[in-house]
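Let's take a walk through a protein chain together, one step at a time. Have a look at the sequence and the 3D view first, and then read on.

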Amino acid sequence: VSAIEYTAYKPMAEQILSEIREQAFAQFDLTCMHIYHSLGTVAAGEICLFVFVSSAHRKASADALSFLVEAIKAQAPIFGKEIFEDGTHTWKKNI
């Protein structure tokens, strides 16, 4: 894979990400959180998902981070097209 081209219906994706964010705040004792998912073409090795969480205790942050990444992969309507060196592509499956 040389790159992944991410697309989304932004209003729906933003709504789902907001809901996931609120679930994490309700479930974990967090003080701050930021979620950023790239759209467009992201070359291999570049950052496509950035999730920042902070809390008074390390375990809450680690548990929240795991929850957030899995929830984003499972629920957010963000679609990735894997682009190969030869120009062919396949749609990425979030598992």
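This is a predicted model: local features need pLDDT of at least 70, side-chain atom pairs count only at pLDDT 80 or more; totals for chains, interfaces and linings use all residues.

For a sense of scale, the C-alpha atoms fill a box of roughly 50 × 25 × 20 Å, taken along the principal axes.

Now turn to the helices. Two packed helices are described by the angle between their axes and the distance between the axes. Here, helix 1 covers residues 10-27 and helix 2 covers residues 58-75. Their axes come within 10 Å and cross at roughly 150°. Angles over 145 degrees count as roughly antiparallel, so helix 1 is roughly antiparallel to helix 2. The crossing of helix 1 past helix 2 is right-handed.

Which residues of the two helices meet? From helix 1 come Ile 16, Leu 17, Ile 20, Gln 23, Ala 24 and Gln 27, and they meet Phe 67, Leu 68, Ala 71, Ile 72 and Gln 75 of helix 2. Sorted by class, this contact has 8 nonpolar residues, 3 polar ones and no charged ones.

Next, let's look for empty space. Rolling a probe the size of a water molecule over the atoms shows where such space is left. The second largest pocket holds about 160 Å³. Its lining is made up of Ala 8, Lys 10, Ala 13, Glu 14, Leu 17, Ile 35, Tyr 36, His 37, Leu 39 and Ile 78. Two elements, helix 1 and strand 2 (30-37), each give two or more residues to this lining. Helix 1 provides the largest share, with 4 residues. By class, the lining of this pocket has 7 nonpolar, 1 polar and 2 charged residues.

Note on methods:
Residues are numbered from 1 along each chain as its sequence is written. Side-chain values use heavy atoms; hydrogens and water are left out. Axes are lines fitted to C-alpha atoms, for helices over the stretch in contact, and angles run from 0 to 180 degrees between N-to-C directions. Angles under 35 degrees count as roughly parallel, over 145 as roughly antiparallel, 65 to 115 as roughly perpendicular and the rest as oblique. A crossing is left-handed if the near helix is turned anticlockwise from the far one by less than a right angle, and right-handed if clockwise. Contact means heavy atoms within 4.5 Å. Ala, Val, Leu, Ile, Met, Phe, Trp, Tyr, Cys and Pro count as nonpolar, Asp, Glu, Lys and Arg as charged, and the others, Gly among them, as polar. On a 1 Å grid over the protein atoms alone, a cavity is a set of points where a 1.4 Å probe fits but cannot get out, and a pocket is an open set with protein on both sides within 12 Å along at least five of seven lines; lining residues have an atom within 4 Å of a point. Grid points are joined across faces, edges and corners, and a volume is the space filled by probe spheres set on the points.
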